[in-house]
Amino acid sequence: MTQITPAFLQSLGIQLPEGDLSELCHHIESTLHDRVINEISSYLTEDQATSLGAIPKDDQDGVWDWLNENVPDLKEIVRDEAIILISEVAESADVLSDDQA
């Protein structure tokens, strides 16, 4: 999945202390993960959803292997959701930075 770094956020104009940038990166990645899973779930059959649900939640490699095998548009879904989320973050850069002033 896409990784968001503090340097990337700074390139969007977000100016926060390093610790806050790291927390924001984690939050953005978690949000992206949730959005991708929500989008994918609308495409799954009941059997596929059951199969995916049988993979332990802490087995991220297993989940992504399953998704790569069973969701033909996975890369496009991840790309589209990342673009949307990054656009939202970029639009909020001033607000995010002002909150720290």
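This is a predicted model: local features need pLDDT of at least 70, side-chain atom pairs count only at pLDDT 80 or more; totals for chains, interfaces and linings use all residues.
**Exercise 1. The largest pocket**

Solution: 
- Step 1. List the lining. The residues are H33, I37, A49, L52, G53, I55, K57, Q60 and V63.
- Step 2. Assign helices. α2 (18–41), α3 (46–53) and α4 (60–70) each give at least two residues to this lining. The largest share, 3 residues, belongs to α3.
- Step 3. Sort by class. The lining holds 5 nonpolar, 3 polar and 1 charged residues.

**Exercise 2. α2 against α4**

Task: Decide how α2 and α4 are oriented to each other, and name the residues that meet.

Solution: 
- Step 1. Recall the description. Two packed helices are described by the angle between their axes and the distance between the axes.
- Step 2. Read off both values. α2 and α4 pack at about 40°, and their axes are 13 Å apart.
- Step 3. Classify the angle. Under 35 degrees would count as roughly parallel, and 65 to 115 as roughly perpendicular. α2 and α4 are therefore oblique to each other.
- Step 4. Name the contact. From α2 come H33, V36, I37 and I40; from α4 come Q60, W64 and L67. By class, that contact has 5 nonpolar, 2 polar and no charged residues.
- Step 5. Look back at the pocket. H33, I37 and Q60 take part in this contact, and the pocket lining includes H33, I37 and Q60.

**Exercise 3. α2 against α5**

Task: Work out the orientation and the contact of α2 with α5.

Solution: 
- Step 1. Take the geometry. Helix α5 covers residues 74–91; its axis and that of α2 come within 9 Å and cross at roughly 135°.
- Step 2. Classify. Over 145 degrees would count as roughly antiparallel. α2 and α5 are therefore oblique to each other.
- Step 3. α2 passes α5 in a right-handed crossing.
- Step 4. List the contact. α2 uses I28, T31, L32, R35, V36, E39 and I40. α5 uses L74, I77, V78, E81, A82, I84, L85, E88 and V89.
- Step 5. Sort by class. The contact divides into 11 nonpolar, 1 polar and 4 charged residues.

**Exercise 4. α3 against α4**

Solution: 
- Step 1. The angle is about 160°, with the axes 10 Å apart.
- Step 2. Angles over 145 degrees count as roughly antiparallel.
- Step 3. The crossing of α3 past α4 is right-handed.
- Step 4. Q48, S51 and L52 of α3 touch V63, W66, L67 and N70 of α4. This contact has 4 nonpolar, 3 polar and no charged residues.

Definitions and conventions. Residues are numbered from 1 along each chain as its sequence is written. Side-chain values use heavy atoms; hydrogens and water are left out. On a 1 Å grid over the protein atoms alone, a cavity is a set of points where a 1.4 Å probe fits but cannot get out, and a pocket is an open set with protein on both sides within 12 Å along at least five of seven lines; lining residues have an atom within 4 Å of a point. Helices (H or I, at least four residues) and strands (E, at least two) are DSSP runs, numbered from the N terminus. Ala, Val, Leu, Ile, Met, Phe, Trp, Tyr, Cys and Pro count as nonpolar, Asp, Glu, Lys and Arg as charged, and the others, Gly among them, as polar. Axes are lines fitted to C-alpha atoms, for helices over the stretch in contact, and angles run from 0 to 180 degrees between N-to-C directions. Contact means heavy atoms within 4.5 Å. A crossing is left-handed if the near helix is turned anticlockwise from the far one by less than a right angle, and right-handed if clockwise.
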